[in-house]
Amino acid sequence: PWVRALREALDRPLTSYYLLLGASALLLTIGLIMVLSASSVYSYQQYGDSYAIVRRQAVWVLIGLPVAWVATRMSTRWIRRFTWLAYLVSLALLLLVAFMGVAVNGNQNWLALGPLRIQPSEIAKLSLILWAANVYANKERRLGSLHELLVPVVPGMLLATGLVILGRDLGTGLVFFAILLGMLWIAGAPAKLFGLAATIVTVGAFGLATVDQGRVTRLTNFFDPFKDFQGAGWQAGHGLYALSSGGVFGEGIGASTQKWGNLPEAHTDFIFAVIGEELGLVGTLLVIALFLTIAYAALRVAARTADPFVRYVTFGIVVWLIGQMVINVGMVLALLPVIGIPLPVVSYGGSALLPPLAALGLVIGFARREPEAARALAARRKARSAGLSAHR
């Protein structure tokens with residue numbers, strides 16, 4: 001009976017909408033709580049106030065929620081008018097970063113605008129997806145031609161990727177490349193193209209990594225961070241300590257010991273380690289499950305839509321968010337090198353929060369505008385209005 005009930009629940013018109021809304025809200029809530037916990041010690045050491053960093057994050061949340069709400073209301077026709085502009089602005093910002101950017105932890109991926117620092121590569125991820133989706137939607141009937149499939153999307157996205165790598169941000173460059181492969185896959189690119197692309201990116205990434213001694217050290221230590229625990233393996237090693245000490249149910253919110261100066265970037269790139277220590281295996285699996293729920297609901301929207309632009313945008317956003325989540329979790333588990341990729345929506349920072357929230361807002365908007373979902377929402381509003389009138 002419960003299988004039938006689950007199937008019936010999943011078949012309801014508003015299922016995708018509520019799954020996206022609920023999972024996004026819960027991720028945002030967990031992120032805010034964990035930023036408070038993970039940053040409290042560092043915040044007190046730096047600013048004499050344990051709540052200084054979480055207050056900034058709360059401000060970003062207060063900015064991000066209206067941005068996400070506006071995104072849910074934007075029509076695809078209006079969005080498509082500005083995709084080329086968004087792409088060109090993103091390229092301009094990436095170019096500025098490459099030559100005038102601020103380096104943080106060896107990566108020149110920040111742009112200083114007075115007292116504010118932004119990370120244009122995070123904004124560019126969404127801009128690239130929207131631009132590529134618009135190009136492919138316009139070429140929907142001509143994508144059987146390899147030339148139409150590749151031009152201008154592949155050169156345009158490789159240009160953006162090159163500008164990011166010029167700023168020595170190899171991790172974000174890999175995310176850009178993953179988005180490109182995802183867009184090519186949903187557009188129907190032949191399988192042999194992916195084999196060639198995988199070979200090129202593997203050789204290219206290895207070559208770029210080996211020209212930097214710091215990256216070489218990280219690459220040779222990530223499988224066994226305890227080999228150089230006091231050096232290159234310090235962050236990954238303490239991340240594993242945090243996860244292992246959390247057990248199944250965790251030490252409790254606020255009870256992390258690794259955040260007391262042992263774990264660098266505890267509230268940013270390695271917040272997943274603090275989640276593991278304080279909320280245990282249950283907490284980490286919950287976070288991963290929420291991301292997978294978003295992916296499942298978004299792919300339902302992409303599969304059901306008749307609008308090619310919605311299909312391409314939705315799939316691109318799934319590749320971006322899930323790909324970045326996998327890379328971040330892989331870093332914390334020492335399955336991947338530490339390459340400075342934040343956990344979307346959960347990690348601290350406006351650049352890691354606002355673009356994903358805007359992207360989720362777009363997908364939620366697509367879900368609520370599905371024909372059956374729109375009719376169901378209209379019927380509920382009508383019933384609610386009738387109920388209020390009767391009550392009066």
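Is Lys 259 buried or exposed? In this predicted model, Lys 259 is buried, with a relative accessible area of 6%. Its side chain meets that of Glu 278 in a salt bridge, at 3.4 Å from N to O. Glu 278 belongs to helix 13, whereas Lys 259 sits in the loop between helix 12 (234-246) and helix 13, so the pair ties together parts that are 19 residues apart in sequence. Glu 278 also counts as buried, at 1% relative accessibility.

Another of them joins the side chains of Glu 122 and Lys 125, with 2.8 Å from N to O. Both of these residues lie in helix 6 (residues 120-138), where they are three residues apart, about one turn of the helix. Glu 122 counts as buried at 1% relative accessibility, and Lys 125 likewise counts as buried, at 0%. A further salt bridge links Glu 148 with Arg 142, and here the closest N and O atoms are 3.7 Å apart. Arg 142 is partly exposed, its relative accessible area being 41%.

The axes of helix 2 (residues 15-47) and helix 13 (residues 271-304) come within 9 Å and cross at roughly 155 degrees. Because angles over 145 degrees count as roughly antiparallel, the two helices are described as roughly antiparallel to each other. The crossing of helix 2 past helix 13 is left-handed. Among the residues of this contact, 22 are nonpolar, six are polar and two are charged.

Pro 152 is placed in the loop between helix 7 (146-150) and helix 8 (153-166).

Which residue has a positive phi of about 60 degrees although it is not a glycine? That residue is Ala 334, found in the loop between helix 14 (308-332) and helix 15 (350-368). Ala 334 is buried, with a relative accessible area of 7%. Val 345 is also in the loop between helix 14 and helix 15, and its phi is near 75 degrees, a positive value in a residue other than glycine. At 2% relative accessibility, Val 345 counts as buried.

Conventions
Residues are numbered from 1 along each chain as its sequence is written. This is a predicted model: local features need pLDDT of at least 70, side-chain atom pairs count only at pLDDT 80 or more; totals for chains, interfaces and linings use all residues. Side-chain values use heavy atoms; hydrogens and water are left out. Axes are lines fitted to C-alpha atoms, for helices over the stretch in contact, and angles run from 0 to 180 degrees between N-to-C directions. Helices (H or I, at least four residues) and strands (E, at least two) are DSSP runs, numbered from the N terminus. Angles under 35 degrees count as roughly parallel, over 145 as roughly antiparallel, 65 to 115 as roughly perpendicular and the rest as oblique. A crossing is left-handed if the near helix is turned anticlockwise from the far one by less than a right angle, and right-handed if clockwise. Ala, Val, Leu, Ile, Met, Phe, Trp, Tyr, Cys and Pro count as nonpolar, Asp, Glu, Lys and Arg as charged, and the others, Gly among them, as polar. Buried means under 20% relative accessible area, exposed over 50%, partly exposed in between (1.4 Å probe, protein chains only). A salt bridge is a side-chain nitrogen of Lys or Arg within 4 Å of a carboxyl oxygen of Asp or Glu.
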